[in-house]
Amino acid sequence: MMKRLILLISLLSGPVCSMCSEGASGDYEPAPSEPSTPVEPSDPEAPLAEGELRADGNTAGTYALMTSCGYNYETPDTSGAHAEAPFQHIQQSYDETLGKYVFDFYIHVENDDDRGKPNITDRQRNEIKTDAKSPESMVAQQGEELVLRWKFRLPEGMQTTKNFCHVHQIKGIDNSEASADVANPLITFTARTLSNGKQELQVIHVGPTSAATGNVYLARVPLSDFLGEWVEVEEHVVCDTKGSYKVTVRRISDGKELISVSESSLDLWRDGATGMRPKWGIYRSIGSNGSLKSELRDEILHFADFSVGKVSR
């Protein structure tokens, strides 16, 4: 508790980190919003239903807001040079396009790591998720249907590599014996650079380890359709060995449907898991011992209006 209090005081009183910008490394200043179709502002005072998470404009209280709504977070706030000057990796800002406050997820090429684990040197993580501490309505058990809704905006000029850059996953929760088959996610949204230099946003399914399916691509679309644009997502996941998966992603500015997937027979469960849950943010490869850092830059990804629930079947 005392460590968290000290970190909060540091965040409130310390200088704003000048390590990243919307476009490239350097001093950070919020980028001006781009013109778009106006969206009616949400009522910040409207009560939240269970499973909902909306930004409220209070950056200092962001983590407390998330946990109060049943979510958890994994951020590199004290990694590397941040240890002496902690940096809050999930902040809030007002978005003119949506007419509301949104969540800003920061990632830095230098310093940021994966949960502070010194033996992991090839990736970085800044994510929120539901987990075993979340309400039952936010974690699916076998046979249940998980329904997820959210919005996100990837930055213009976002840099990716041949390796993964995940922005969303559906993953299993391990059991108390740490014996569940949960190493690989069931569903992943990842941004990637192909061998021809083009960038894609990919929706990937991976089956159980015993099935050795590898990556099965449910959708592969140009990343350029997403950069600098708000999109809204609706996702239905029937979490079972013979489950189903449906997702639609629409661009808010013009209503164009960018992704539509409907699969009626997928293995969407994991042996030994205590439940299935979503994750969002940025979880990216930096290559073995940081070998891909030169291809990357500091980024800010934006998310809004999370909703997690289950429907009766």
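User: Before we start, what do you count as buried, exposed or partly exposed here?

Analyst: Buried is under 20% relative accessible area, exposed is over 50%, and partly exposed is in between, with a 1.4 Å probe and protein chains only. Also, this is a predicted model, where local features need pLDDT of at least 70 and side-chain atom pairs count only at pLDDT 80 or more, while totals for chains, interfaces and linings use all residues. Residues are numbered from 1 along each chain as its sequence is written, and side-chain values use heavy atoms, with hydrogens and water left out.

User: Got it. So Y71 and F306, buried or exposed?

Analyst: Both are buried. For F306 the relative accessibility is 1%.

User: What do their rings do?

Analyst: The ring centres of Y71 and F306 are 6.3 Å apart with the planes at 50°, so the pair is tilted. The rule covers rings of Phe, Tyr and Trp (its six-membered ring), which pair if their centres lie within 6.5 Å; planes under 30 degrees apart are stacked, over 60 edge-to-face, and the rest tilted.

User: Where in the chain do those two come from?

Analyst: From distant parts: Y71 is in the loop between α2 (62-68) and β2 (72-74), F306 is in strand β15, and 235 residues separate them. Helices (H or I, at least four residues) and strands (E, at least two) are DSSP runs, numbered from the N terminus.

User: What about F303 and F306?

Analyst: That pair is stacked, because the centres are 5.9 Å apart and the planes are at 20°. F303 is buried too, at 1% relative accessible area.

User: Which other rings join in?

Analyst: Ring pairs tie Y71, F103, F105, W150, F152, F189, F226, W280, F303 and F306 into a cluster. The structure holds 14 aromatic pairs.

User: New topic, the nonpolar core. How many residues are in the largest one?

Analyst: The largest has 58 residues, and Y71, F226, Y245 and I259 have the most contacts inside it. A nonpolar core here is a set of buried Ala, Val, Leu, Ile, Met, Phe, Trp, Tyr and Cys residues joined through side-chain atoms within 4.5 Å.

User: What does I259 touch?

Analyst: Leaving aside neighbours within four places in sequence, I259 is in contact (heavy atoms within 4.5 Å) with L201, V203, A219, V221, F226, V247, T248 and V249. Another core lies apart from the largest one, with 5 residues, among them L98, V102, I252 and A304.

User: How many disulfides?

Analyst: The count is 0, where a disulfide is a pair of cysteine sulfur atoms within 2.5 Å. C69 is buried at 12% relative accessibility, and C165 is buried at 3%.

User: Which charges sit over rings?

Analyst: The charged end of R125 is over the ring of Y283, 4.0 Å from its centre, and that of R220 is over the ring of Y217, 4.6 Å from its centre. The rule wants NZ of Lys or CZ of Arg within 6 Å of the ring centre and within 35 degrees of the ring normal.

User: And the overall picture: how many helices and strands?

Analyst: There are 2 helices and 15 strands. Of the 313 residues, 51% count as buried.
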